[in-house]
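Subject: The structure we talked about

Hi,

Here is the structure I promised to pass on. Have a look at it first, then read my notes below with the viewer open.

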2 protein chains.
Amino acid sequence: MLTLYTYFRSSAAYRVRIALNLKGIEYHSQFVHLLRHGGEQRQPAYLKLNPQGLVPALVEGETVMTQSLAIIEYLDELYPHPPVLPADLKGRAYVRSLAQLVACDIHPLNNLRVRQYLIDQWGHSEAQWQEWYQQWIQEGFSALETHLATHPATGLCCYGHSPTMADICLVPQVYNARRFDCDLSPYPRLNDIYRHCTALEHFRQASPEY
Amino acid sequence: MLTLYTYFRSSAAYRVRIALNLKGIEYHSQFVHLLRHGGEQRQPAYLKLNPQGLVPALVEGETVMTQSLAIIEYLDELYPHPPVLPADLKGRAYVRSLAQLVACDIHPLNNLRVRQYLIDQWGHSEAQWQEWYQQWIQEGFSALETHLATHPATGLCCYGHSPTMADICLVPQVYNARRFDCDLSPYPRLNDIYRHCTALEHFRQASPEY
């Protein structure tokens, strides 16, 4: 049985929960509270599993896997059906690029450790955090919206009508942006895809509220 | 013929140059100067190719590919030899996680657009930028060093003795950290791997100085 070290609001853990559900893989959840005890992810017990002190980590027997996209690629290679990447190589490159646009160029700038650094270490205000957060959402979502508006494969999901790694990354990021009161009206396609995916049972059961 | 939109010092473009060289793929370089004319990557002509306004972009016929790791996975699927990912699934997950540790959790925090935001927008000093830069290098490199010190597959390269996607990401990041005068003495394995890889012809010909 797989064990997922997870936190309900972590975008990266949320991605892996969606992927596990889409693949129909049973797993055990081990909760790591990112705000309790100075961050349970920074305690020695967890650092032994993941020296980065970040969630998620996926444990299978003696193997610990980290980094959400690496975990999702692993799950897709081990359990190919249903696939979360298209079959054709250029489609795969495109879907991975959308996923990485979120996972490399939006999320890492806006996650908890950066928030704590800017506010606790440098004394920035909540309003400045909000400005910072929205800056990277706006840059990233504008580019995503342009991709989705112009790519012929855009459907109910980012690529066709079935969820891929792109939707697995998009949904937690939109969820997060809504929580921080970002104006998402300039991104109609992102909103449509978010609405479509969050209505799907596998996404719903992975959500922070579930 | 492939065309790579590149900038000599961009870590992400440097990664793709290494991968193209390792695979022995001929390509044409199109230079995008990140500091000239307010950033050539933000001019309309380039934004048509990549709405994110970031390098690299790889163009093959009518197809534009963005995001360095997506491009490298594409090259690895199209030209499987020599591979830049191991054959076994857990090895692949591990190598991808090392690559993503750099590409998601170090590089995006320390790249040019963030520097410009912190200094030009918020008025932080060069010394504060240095502190910020070193914070994410230190967190990321400490975790990487721990992985490499404990994983049985560590060799002359991050995984065995041949370069993988992990080395392709590590080398440009170490290059960058040296440029910003980071103390890298706590990371002997990273230094050894950096020295080994940068002596290889395919890496050398991809370097900013070449």
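Leaving aside neighbours within four places in sequence, A:Leu190 is in contact with A:Phe141, A:Leu144, A:Glu145, A:Leu148 and A:Leu170 (contact means heavy atoms within 4.5 Å). A:Leu190 sits in helix H8 of chain A; helices (H or I, at least four residues) and strands (E, at least two) are DSSP runs, numbered from the N terminus. With a relative accessible area of 1%, A:Leu190 is buried. Buried means under 20% relative accessible area, exposed over 50%, and partly exposed in between, using a 1.4 Å probe and protein chains only. A:Ser142 is 48 residues away from A:Leu190 along the chain, yet their C-alpha atoms are separated by 9.7 Å.

Before you go further, some housekeeping. This is a predicted model, so local features need pLDDT of at least 70 and side-chain atom pairs count only at pLDDT 80 or more, while totals for chains, interfaces and linings use all residues. Residues are numbered from 1 along each chain as its sequence is written, chains are lettered from A and ligands numbered from 1 in the order in which they are written, and side-chain values use heavy atoms, with hydrogens and water left out.

Now back to H8 and its partner. At what angle do helix H7 (residues 165–179) and helix H8 (residues 188–198) of chain A pack? The angle is about 105°, and the axes are 10 Å apart. Axes here are lines fitted to C-alpha atoms, for helices over the stretch in contact, and angles run from 0 to 180 degrees between N-to-C directions. That makes H7(A) roughly perpendicular to H8(A); the cut-offs are under 35 degrees for roughly parallel, over 145 for roughly antiparallel, 65 to 115 for roughly perpendicular, and oblique for the rest.

On the H7(A) side you'll find A:Asp167, A:Leu170, A:Val171, A:Val174, A:Tyr175 and A:Arg178, and they meet A:Leu190, A:Ile193, A:Tyr194, A:Cys197 and A:Thr198 of H8(A). The residues of this contact divide into eight nonpolar, one polar and two charged.

Another residue of helix H7 in chain A is A:Gln173. A:Gln173 is buried, with a relative accessible area of 2%. Beyond its sequence neighbours within four places, A:Gln173 touches A:Ser11, A:Val102, A:Ile106, A:His107, A:Tyr133, A:Ile137 and A:Phe141.

Which residues have the most contacts inside the largest nonpolar core? They are A:Leu75, A:Trp132, A:Phe141, B:Leu75, B:Trp132 and B:Phe141, in a core of 128 residues. A nonpolar core is a set of buried Ala, Val, Leu, Ile, Met, Phe, Trp, Tyr and Cys residues joined through side-chain atoms within 4.5 Å. Take B:Phe141: apart from neighbours within four places in sequence, its contacts are B:Ile106, B:Gln173, B:Val174, B:Ala177, B:Leu184, B:Tyr187 and B:Leu190.

Next, some places where the two chains meet. A:Gln100 is in helix H4 of chain A and counts as buried at 6% relative accessibility. Its contacts, leaving out neighbours within four places, are A:Leu69 and A:Asp105 plus B:Gln67, B:Leu69 and B:Ala70. Over in chain B, helix H5 (residues 112–121) has B:Arg113, B:Val114, B:Tyr117, B:Leu118 and B:Ile119 buried. Their cover includes helix H4 (89–105) and helix H6 (126–150) of chain A, along with helix H6 (126–150) of chain B.

B:Gln67 has a phi near 70°, a positive value in a residue other than glycine. B:Gln67 lies in the loop between strand E4 (63–66) and H3 of chain B, and is buried at a relative accessible area of 10%. In chain A, A:Gln67 also has a positive phi, near 70°, and is buried at 9%. A cis peptide bond joins A:His81 and A:Pro82, with omega about -10°. A:Pro82 is in the loop between helix H3 (68–78) and H4 of chain A. The bond from B:His81 to B:Pro82 is cis as well, with omega near -10°.

Happy browsing!

Terms used: Ala, Val, Leu, Ile, Met, Phe, Trp, Tyr, Cys and Pro count as nonpolar, Asp, Glu, Lys and Arg as charged, and the others, Gly among them, as polar.
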